[in-house]
Amino acid sequence: MTTTQPTASALSPLRGAAPPPGPRRRPRVSATQWTALGFAAPLLAYLGFFYAYPLWRNIDLSVHDYNVRAFVQGDADFVGFANYADVFASPIFVTALTNTVIFTLVSIAVQYTVGLALAVFFRGSFRLSNTLRAMFLVPWLLPLIVSASTWSWMMNSDNGLINSVLRAFGGDGINWLTSPDYSLTAVIIANIWLGIPFNLVILYAGLQNIPGDIYEAASLDGAGPARTFASITLPLLRPVSAITLLLGLIYTLKVVDVIWIMTTGGPANSSVTLAVWSYREAFGTGRPDFSPAAAVGNLLIVIALVFGFLHLRFQRRQDES
Amino acid sequence: MRHMNPHRRSRSAAAAVACAALVVVAACSGGGDDSADPTSGGGSSDSYTWWDPYPQHEAGSDWDQRVQACGTEAGVTINRTAYDTTALTNQALLSAQEGTSPDVILIDNPAVSTLAETGMLTTVDEFGLDTGDIDPNLLAAGELDGDAYGIPIGANTLALYYNADILAAAGVDPASITDWASLTTALEQVDAAGSRGITFAGIGTEEGSFQFLPWFWGAGADLSQLDSPEAIEALQLWVDWIDAGYAPQSVINNSQNTVWEEFLTGEFAFAENGTWQVNSAAEADFETGVIALPARDGGNAPAPTGGEFIVAPVQDDEARYDVTRQIVECMTTPEGFVETATTFAYYVPPTEEGQDQLLTELPELETWVDAVRTAQGRTSNGLGVAYPEISEQLWTAVQSAISGASTPQEALEAAQAAAPAID
């Protein structure tokens, strides 16, 4: 899209130099438009192939009854919203929705708070602050399969590191991954650890944009650290916070890998989220059920879209003020 | 950009370049199913495509050479591609949808009926293959509505490995374990002697069902009725072991590999595992042995058959079938079965002749050959394509019960309510 802009704006000096009225104007504009289209075409084609088509296909899958046979033969019956009705009526739906809400909200709340605290902490430079900050990025650099597997080893009921520490201090071991009461907590803990670097990096960058003289003026006025944080850091960081939370929300909504590797949504669906449910329907069993999986996937897209629009509205209101 | 703007010609040229780039993109993305692609089927007439689920056997390995030898014998070259087991089913379905199925697929037996239902596989009869020698209990896993869609190239199954050192220390004679009661007594003795009892896989995937089935069937339960009293008894057995501490609660997340790793630590007296660990057991730091999985009231419990089937997907060009048949036949002669068995760390041949031949070479495999002879196909007894759904409900019930989320009875009743009805 950006490629069209220079061409359009560059046209104005030309028009000012020789105003060509009437018929001569039309072919030139059309040539410009063609050029613009030519430049935009690769991008449009890319968007079409990799965004619009999969999205359309997902909707198509969700309104047909694609069992394996129909998938190969291509003769799936159109069933309208029956798949959605099945999804809503399924006993897993309520569990998955509740778990998704808890997983997402707790994850991003803690990630944001810890990320912000660390960002503020690293703002004051001290010895080794860069090294330390770099080390906080490690969770981001590790492949997910590695970090999720490591977490599941650490949380193993019998031989896990966490339980051996608990026992060393006289506590009882917890069946982190194998008890229905703890499995959701376990995957949330792992997911929080994975998400902190992202929050730290974005918020730290946001903090760099707050001019230092404001803090100077505040300290001259006698504002303490708490007051400075509440009246300067937080308000000036609001746009960055909003985008961090929105991105965090979208990333967290669609988390499959961490949960799948650690608990596969179990035991007894206690850690299943909408995304995991969708993945399981499509790929997790010996029998792929693409239609319900697509229906659940589309629900997730709608949820993410709603929050996306909320963000846009929030931003517009902020731009106006 | 700004300075070149007045020159319309260069602008158009740029646009032309951009469009040309677009054409290339479109051509690349649109031409994915080009027949030059080695992974697509129906290639040239002297090259045949072959998919199998053994990525651990790379090009040039014994297995790869064996496949190639069968191609050479038929006068063609074989393009072999290996996928992960679950990915293979999805790949096979996708290729069938695109009309680019490979000539031969080796596929895990519960997937055969799923693929057959889509109409993408030829039947054994259409292909003119003789299956008269194959053990009927093994062949049954590849049948759908009375037609056989593939030939087992070998079979594996489950049995109970034991740590002979631990049993000796606890004063347990492995030969005395013939039913559930004697096994539980043995676990009690082992536990009292300070060792850990048994480990198995209760993970929420097909492996969990696979490991539970010998107990389920051993109690006399049937997959068409998940909440029968026998089924509840089988699940209760597992739950009791966990409650008594004979089995760790973490079996809920155990895959069969994890089970084996736990066993190799030397802490566990028993581990439920498969034929594929025979070599590893022989190399363990302690003395190991193996007994058949006991049924509730004595005798061997039917274990589920594992192992791959060789299937031939439908091709547009039927002239290819002739060579494909030669390749399949080369893999399924008695000598071929024994060769596969030894290449694959004890894959038991599916014919009596092959089994006898294997036993003369390796008499210590008798427990395994017996286990394979009593084994039962998961998709057998008319379950076919319903099996994967039933299995999902079964492993969910196992997880609910052993995690304590519900009692075995509640868990299995919920499973039966959610499972597809079998008529």
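Predicted model: local features only at pLDDT ≥ 70, side-chain atom pairs only at ≥ 80, totals over all residues.
Where the two domains meet, 14 residues of domain 1 of chain B face 16 residues of domain 2 of chain B in the contact. Sorted by class, the side of domain 1 of chain B that touches domain 2 of chain B comprises 7 nonpolar, 5 polar and 2 charged residues. As for the bounds, domain 1 of chain B consists of 47-155 + 306-374, and domain 2 of 158-303 + 383-418.

The strands of chain B may be taken next. An open sheet of 5 strands has the order β2-β1-β3-β11-β6 (chain B), with mixed pairing. Its edge strands are β2 (77-82) and β6 (151-152) of chain B, each of which pairs on one side only. Within this sheet, strand β3 (residues 104-108) of chain B pairs with strand β11 (residues 308-311) of chain B in the antiparallel sense, over 4 bridges. In that pairing B:Asp108 stands opposite B:Glu308 in β11(B). Helix α2 (residues 62-73) of chain B packs on the sheet and touches β1 (47-52) and β2 of chain B; the direction of this helix makes about 150° with that of β2(B).

A further open sheet of chain B is built from 4 strands in the order β8-β9-β7-β10, again with mixed pairing. Strands β8 (196-199) and β10 (288-291) of chain B stand at the edges with a single partner strand each, and therefore one side of each has no neighbour in the sheet. On average, and ignoring direction, neighbouring strands of this sheet are turned by 25° against each other. Strand β7 (residues 158-163) of chain B pairs with strand β9 (residues 268-274) of chain B over 5 bridges in the antiparallel sense, and B:Tyr161 stands opposite B:Ala271 in β9(B). Across β7, β8 and β9 of chain B lies helix α11 (residues 256-264) of chain B, which runs at about 150° to β9(B).

Chain A is considered through its annotation and its helices. The UniProt record, an unreviewed entry, places the feature "domain: ABC transmembrane type-1" at residues 97-311 of chain A. Over this span the chain is 74% helix and 0% strand, and the end C-alpha atoms are 22 Å apart. UniProt also lists "transmembrane region" features in chain A (unreviewed entry), among them residues 134-154 and 293-312. Residues 134-154 of chain A are 81% helix and 0% strand, with end C-alpha atoms 23 Å apart. Residues 293-312 of chain A are 100% helix and 0% strand, and their end C-alpha atoms are 29 Å apart.

Two packed helices are described by the angle between their axes and the distance between the axes. For helix α13 (residues 238-253) and helix α16 (residues 290-320) of chain A, the axes come within 10 Å and cross at roughly 175°. The two helices, α13(A) and α16(A), are therefore roughly antiparallel. Residues in the contact include A:Leu246, A:Leu249 and A:Ile250 of α13(A), together with A:Ile303, A:Phe307 and A:Phe314 of α16(A). The contact of α13(A) with α16(A) divides into 11 nonpolar, 4 polar and no charged residues.

Notes. Residues numbered from 1 in each chain as written. Chains lettered and ligands numbered in written order. Pairing = 2+ DSSP bridges. Axes fitted to C-alpha atoms, helices over the stretch in contact; angles between N-to-C directions. Contact = placed C-beta atoms within 7 Å. UniProt positions renumbered as here; feature names shortened; annotations may be inferred. Domains from an automatic or database assignment. Nonpolar A, V, L, I, M, F, W, Y, C, P; charged D, E, K, R; others polar. Parallel < 35°, antiparallel > 145°, perpendicular 65-115°, else oblique.
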